[in-house]
Number of protein chains: 2
Amino acid sequence: MVEVSMTPKPGSAPGAALHAMARSPDNTLTRGQGVALWRQIASAIERDIGASAPGRGADPGTRLPTEAALAGRFGVNRHTVRRALEELEARGLIRVEQGRGSFVAEDVLDYPLGPRTRFSETIRRQNREPAGRMLRIAEMAAEAAVAKALGLRRGRGVVMAERLGLANGRPVVIGTHYFPSHRFPAMAALLAEDPSITAALARCGVPDYRRQVTRITSRMPTPEEAVLLQQSRARPVLVTEAINADPAGTPIELSIARYAAARMQLVVES
Amino acid sequence: MVEVSMTPKPGSAPGAALHAMARSPDNTLTRGQGVALWRQIASAIERDIGASAPGRGADPGTRLPTEAALAGRFGVNRHTVRRALEELEARGLIRVEQGRGSFVAEDVLDYPLGPRTRFSETIRRQNREPAGRMLRIAEMAAEAAVAKALGLRRGRGVVMAERLGLANGRPVVIGTHYFPSHRFPAMAALLAEDPSITAALARCGVPDYRRQVTRITSRMPTPEEAVLLQQSRARPVLVTEAINADPAGTPIELSIARYAAARMQLVVES
DNA sequence: ACAAATTTGTTCGTATGTATG
DNA sequence: ACATACATACGAACAAATTTG
């Protein structure tokens with residue numbers, strides 16, 4: 001078996017690849033036997049990253065050796081390696097980035113934008129382990145935009161909670177949530193105990209709520225967001241702004257979520 | 001009235017601002033009368049960019065003078081100008097980019113993702129004039145991803161049409177559409193005449209169709225996309241992948257659209 | 001702000017083997 | 001046998017993007 005010797009990539013940090021010392025090329029390739037070299041190379045790399053069921057195999061984001069290194073190891077021209085990588089990229093197994101390298105493709109999770117989508121359920125349904133880490137909780141006066149979304153007068157108190165959502169330990173979303181203080185005076189304390197929004201709302205007498213309208217945009221992450229999401233500052237975040245309402249239709253929450261676009265895609269069923 | 005003397009910004013080109021010659025500061029500001037200088041400055045700039053009804057006022061994307069120039073003109077410190085700009089940015093009137101300057105905010109159009117959303121109708125409903133420019137039409141063998149989406153065997157023929165969508169003459173979206181050739185043999189010819197997809201489908205015996213599922217992601221634009229959308233390569237595009245089906249539920253079109261995230265936001269009503 | 005190093009992307013040119021007519 | 005087309009493979013040089021110092 002051909003060892004591709006990949007190094008895990010923490011976040012987007014480059015992390016120097018462990019280049020094996022220059023040595024005689026692998027002779028696992030058969031030349032002139034009817035199977036193109038690039039096909040054999042593609043198969044060898046595919047075996048090494050072990051792409052099969054989602055969540056199995058090499059860690060997504062792991063960096064492959066450089067094209068030059070692979071060419072040396074297999075004893076072929078860089079073009080031949082590139083042809084193999086091209087194939088793997090077309091099949092969605094890897095992602096190639098100019099100036100950075102090639103990486104094992106992230107397995108992209110779907111986030112359905114239905115009226116009753118809940119983060120934890122969604123992640124679990126895709127066989128990942130959901131987790132949440134509360135970043136900060138504060139009580140503050142509502143800015144104009146927040147007040148308008150929640151139907152409050154500007155300056156009324158709101159509870160703001162910022163939470164990092166993870167799937168299998170990998171950060172996928174930062175959510176900022178605003179609740180009207182006058183209706184949920186205990187919200188800050190509840191969320192400090194248990195980061196689950198659904199649970200906190202239930203304990204405040206709102207066992208059910210609906211997502212009313214969601215606005216979707218995209219922008220570059222702030223430095224802080226890039227760190228929290230463990231992603232490159234050169235890749236965008238998907239931003240959703242949603243209003244959740246109780247069964248009576250009264251807005252109870254404004255949530256602004258920023259998704260790592262490489263790890264999460266939004267899905268709308270019509 | 002304070003003249004802010006802005007220069008239009010073609011696309012994302014930096015475009016040096018027309019700096020007015022240093023001269024005595026405006027004396028339109030009243031000091032020590034209970035209204036903070038930055039508020040007066042913010043109001044003055046707001047008047048000049050004429051933010052009111054959407055689509056009115058200064059051209060979106062127009063560049064404001066540099067902070068230093070504004071400070072000189074108003075006879076205040078740069079910090080004071082920054083406080084004013086901060087306020088305007090928070091209110092969505094301008095956009096400040098580190099190292100580039102400040103710009104009149106684009107008026108963001110909403111694109112509702114309903115089952116029957118049509119581009120032209122959507123744009124018209126927001127009081128803009130829709131237009132479309134066909135970029136290219138080709139017939140080709142379906143790649144794996146396209147074939148799968150349309151429920152075809154790989155390699156079957158598909159008609160591919162790429163179209164630029166504009167609102168008030170400003171590009172907002174690039175759409176790539178795939179149709180199965182065997183069902184719509186005349187599609188290429190029809191679209192060459194009239195770029196309207198809805199019209200072409202109607203003439204092929206499909207007067208109605210529904211968007212089934214939409215997947216939403218985000219990424220950086222290719223150089224070509226940045227040129228077509230007249231946006232900076234440093235700003236992301238929103239990408240939607242949607243499957244449209246006839247009333248019987250048979251997939252008839254795969255469409256991949258890339259929106260200029262600064263000019264268009266997607267809206268989902270639940 | 002700038003320069004250097006690293007890495008992928010593109011475009012030349014050349015050569016070989018295989019299938020086709 | 002010959003010409004042609006096509007995919008494969010190698011080599012060199014340069015362009016473009018990213019990261020690092």
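User: How do the residues of the surface near DNA strand C divide into nonpolar, polar and charged?

Analyst: This is a predicted model, in which local features need pLDDT of at least 70 and side-chain atom pairs count only at pLDDT 80 or more, whereas totals for chains, interfaces and linings use all residues. Residues are numbered from 1 along each chain as its sequence is written, chains are lettered from A and ligands numbered from 1 in the order in which they are written, and side-chain values use heavy atoms, without hydrogens or water. A residue is near the strand if one of its heavy atoms lies within 4 Å of it; Ala, Val, Leu, Ile, Met, Phe, Trp, Tyr, Cys and Pro count as nonpolar, Asp, Glu, Lys and Arg as charged, and the others, Gly among them, as polar. The surface near DNA strand C comprises one nonpolar, six polar and five charged residues.

User: Which element gives the most to the surface near DNA strand C?

Analyst: Helices (H or I, at least four residues) and strands (E, at least two) are DSSP runs, numbered from the N terminus. In chain A, α3 (78-90), β1 (94-97) and β2 (101-104) each supply at least two residues of this surface. With three residues, the element that gives the most is α3(A).

User: Which residue places a polar side-chain atom 2.7 Å from a base oxygen of DNA strand C?

Analyst: A polar contact here is a pair of N or O atoms within 3.5 Å. The side-chain contact to the base oxygen comes from A:Arg78.

User: Why is the pair of A:Tyr111 and A:Tyr259 tilted, and how far apart in sequence are the parts that the pair ties together?

Analyst: Rings of Phe, Tyr and Trp (its six-membered ring) pair if their centres lie within 6.5 Å, with planes under 30 degrees apart counted as stacked, over 60 as edge-to-face and the rest as tilted. The centres of these two rings are 5.4 Å apart and the planes stand at 50°, so the pair is tilted. Both residues are buried (under 20% relative accessible area; exposed is over 50%, partly exposed in between, with a 1.4 Å probe and protein chains only). Because A:Tyr111 lies in β3 (residues 109-112) and A:Tyr259 in β9 (residues 251-260), the pair ties together parts whose separation in sequence is 148 residues.

User: At what distance from the ring centre of B:Trp38 does the charged end of B:Arg83 sit?

Analyst: A charge sits over a ring if NZ of Lys or CZ of Arg is within 6 Å of the ring centre and within 35 degrees of the ring normal. In chain A, A:Arg118 lies over the face of A:Tyr209, at 3.8 Å from the ring centre. For B:Arg83 over B:Trp38, the distance is 3.9 Å.

Definitions and conventions
A polar contact is a pair of N or O atoms within 3.5 Å; within protein, one must be able to donate a hydrogen and the other to accept it, and residues adjacent in sequence count only if both atoms are side-chain atoms.
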